Amino acid sequence: MRRALRRALLAAAGLLPAAAWPQATVASYAERYAAQCAACHGAQGVSTLAQTPSLAGQPSFYAITQLFLFRDGRRDSGPMTAIAKTMSDDDLRGFADAIGKLPPAPPAATSPPDAQRLARGAAAAQRLHCLGCHGSQGEGARQVPRVAGQREDYLLLALRGFRAGTRAGYQPAMTEAMAGVAADELDDLAHFLAHLPVQPGARP
């Protein structure tokens with residue numbers, strides 16, 4: 001099943017030679033992002049809405065993966081599922097390209113860092129090898145999302161979903177990693193990741 005998902009994602013991204021994809025301009029999808037996405041995710045991809053992710057600095061391959069999962073019904077979040085179901089493969093690729101060009105930025109608002117929680121979260125991140133996958137600075141790459149600068153409440157929501165097995169991922173790595181992690185440890189982990197300094201990084 002994962003092989004089929006990967007092939008479908010590569011095809012939607014235009015990375016398989018079998019199909020000839022129409023070439024939509026990034027500018028047109030940037031305009032569509034402003035019209036359809038900015039109200040929730042922010043004009044520059046920095047969300048100010050509770051439990052709504054920031055998209056600034058996210059890799060385009062991660063973006064197309066999530067849009068595909070929404071369109072395919074493997075992820076369900078109401079509005080996003082409804083929007084994605086109307087998207088063509090070219091739309092997935094165009095929106096993902098536009099998102100991938102949003103520069104990394106600090107969160108619009110965040111809770112003040114708590115030194116003890118940061119220390120506990122850093123210990124949890126080291127034990128769980130979080131930055132081994134998400135980058136040494138949390139910058140993400142390809143199908144792995146940027147976590148530095150992400151909203152803390154959204155990170156906690158995602159971590160809880162992975163632990164409960166109710167959130168789908170590109171691979172089962174996150175569900176496996178979160179299995180058995182205590183609730184308070186998830187809180188500290190989300191706090192630590194949300195307060196990582198936002199640095200530029202490769203966003204293929």
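Does S54 count as buried or exposed, and at what relative accessibility? S54 counts as buried, since its relative accessibility is 7% (buried is under 20% relative accessible area, exposed over 50%, partly exposed in between, with a 1.4 Å probe and protein chains only).

Before you click on, some ground rules. This is a predicted model, where local features need pLDDT of at least 70 and side-chain atom pairs count only at pLDDT 80 or more, while totals for chains, interfaces and linings use all residues. Residues are numbered from 1 along each chain as its sequence is written, and side-chain values use heavy atoms, leaving out hydrogens and water.

**Stop one: S54.** Select S54 in the loop between helix 3 (38–41) and helix 4 (60–71) (helices are DSSP runs of H or I, at least four residues, numbered from the N terminus). Its side chain reaches the backbone nitrogen of S47 at 2.9 Å. Beyond neighbours within four places in sequence, S54 is in contact with G45, V46, S47, Q150 and R151 (contact means heavy atoms within 4.5 Å).

**Stop two: two helices.** Now show helix 7 (residues 115–128) and helix 11 (residues 183–194), which pack at about 95 degrees with axes 7 Å apart. That makes helix 7 roughly perpendicular to helix 11 (65 to 115 degrees counts as such). Among the residues that meet are R117 and L118 in helix 7, and E185 and F192 in helix 11.

**Stop three: cysteines.** Searching the whole structure turns up zero disulfides (pairs of cysteine sulfur atoms within 2.5 Å). For C37, the nearest cysteine sulfur is that of C40, 8.6 Å away. C37 counts as buried at 16% relative accessibility. The sulfur of C130 is 8.3 Å from that of C133, too far for a bond.

Key: Axes are lines fitted to C-alpha atoms, for helices over the stretch in contact, and angles run from 0 to 180 degrees between N-to-C directions. Angles under 35 degrees count as roughly parallel, over 145 as roughly antiparallel, 65 to 115 as roughly perpendicular and the rest as oblique. A polar contact is a pair of N or O atoms within 3.5 Å; within protein, one must be able to donate a hydrogen and the other to accept it, and residues adjacent in sequence count only if both atoms are side-chain atoms.
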